[in-house]
Amino acid sequence: MFELTVSVVKQDETFLFMLKSKPGRASLREHMLLFREFIRCPFHTAALAPSSRHLAKRMVASVPLASAQNVVELGPGTGALTNALLPQLKDDARFLAVELNPTFAKAWSKQFPGRDVEVGSVANLRQICSRHNIQSIDCIVSGLPWPSFPVALQQTALEEVLSLLKPGGQMVTFGYHVGMCMPSGRHFQRLVNNRFRRVERLAWEWRNLPPAYILRCTR
Ligand SMILES: C[S@@+](CC[C@H](N)C(=O)[O-])C[C@H]1O[C@@H](n2cnc3c(N)ncnc32)[C@H](O)[C@@H]1O
């Protein structure tokens with residue numbers, strides 16, 4: 001039943017894409033790339049389709065990107081969030097994307113020429129940032145599948161994030177209902193609740209496959 005719904009919605013998206021390509025909407029090629037990588041490594045990719053432009057728009061609007069000096073995107077995948085994020089940055093802002101999957105990173109580089117993407121894991125964020133001369137971060141936009149991470153990786157990754165975020169700095173991330181129900185998803189929620197000064201669950205975005213909520217965490 002779920003697979004049928006997904007395929008109908010995806011075909012509908014494809015049909016709409018062929019009719020009219022709106023700015024910010026993921027292309028058919030991006031949909032196919034993400035779907036293929038999901039089949040190849042489901043736990044790392046953890047999504048059947050790129051985030052919708054509605055989710056991307058709401059995520060980037062929920063953090064003060066316009067005044068941020070150093071901005072990092074985690075798990076950019078096919079660039080659905082990057083598309084909404086880059087136009088918000090001020091001219092002299094530093095921006096770095098960190099992506100585990102080299103196939104995504106290669107496609108991302110072609111889409112955003114001149115922008116920095118590092119192939120690596122959030123588990124090594126400090127090392128990666130220091131290679132790019134980034135000592136502290138104002139805003140992190142995360143597309144990471146936190147509930148798919150083993151508990152040890154959740155902990156390491158959050159330590160890395162917190163060690164780089166400035167006091168008052170924010171990380172915005174999204175999640176799906178299924179992740180909220182998984183023990184590892186509940187573990188992640190407890191971790192952020194304990195480690196950040198403020199954690200806010202913002203409204204659900206229904207125009208996404210599947211619907212997603214936005215979590216804003218302030219150090
Ligand atoms: C749910 S997809 C999100 C893709 C894209 N941001 C979007 O919203 O459409 C998760 C992304 O996180 C990446 N990823 C998974 N584990 C990672 C890790 N440990 N470090 C960095 N990126 C990771 C995956 O390769 C994939 O690109």
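**Close-up views of a predicted model**

**View 1. Met59 and its neighbours.** Leaving aside residues up to four places away in sequence, Met59 touches Leu81, Val141, Val172, Phe174 and Ile214; a contact here means that two C-beta atoms, placed from the backbone, lie within 7 Å. This is a predicted model, where local features need pLDDT of at least 70, side-chain atom pairs count only at pLDDT 80 or more, and totals for chains, interfaces and linings use all residues. Residues are numbered from 1 along each chain as its sequence is written.

**View 2. Helix 4 and what it packs against.** Helix 4 covers residues 53-61, and its buried residues are Leu55, Ala56, Arg58, Met59 and Val60. A residue is called buried if 20 or more other C-beta atoms lie within 10 Å of its own (exposed: 12 or fewer; partly exposed: in between), with C-beta atoms placed from the backbone. The partners of these buried residues are helix 5 (80-85), strand 4 (137-142), strand 5 (165-176), strand 6 (198-205) and strand 7 (212-218). Helices (H or I, at least four residues) and strands (E, at least two) are DSSP runs, numbered from the N terminus.

**View 3. The largest nonpolar core.** This core has 49 residues, and Met59, Val60, Val98, Cys139, Ile140, Val141 and Val161 touch the most other members. A nonpolar core is a set of buried Ala, Val, Leu, Ile, Met, Phe, Trp, Tyr and Cys residues joined through C-beta atoms within 7 Å.

View 4. Seven strands line up in the order 3-2-1-4-5-7-6, with mixed pairing; two strands pair if DSSP finds at least two bridges between them. Strand 3 (116-119) and strand 6 are the edge strands, each pairing on one side only. Seven bridges join strand 6 and strand 7 in the antiparallel sense. Look for Arg201, whose bridge partner in strand 7 is Leu215. Helix 6 (residues 102-111) packs on the sheet, where it touches strand 2 and strand 3, and its direction makes about 170° with that of strand 3. For such angles, axes are lines fitted to C-alpha atoms, for helices over the stretch in contact, and values run from 0 to 180 degrees between N-to-C directions.

**View 5. Around the ligand.** Of the 22 residues around the ligand, Ala47, Ser51, Gly75, Gly77 and Gly143 come nearest; to be near, a residue needs its C-beta atom, placed from the backbone, within 6 Å. Helix 3 (42-45), helix 5 and strand 2 (94-99) each give two or more residues to this shell.
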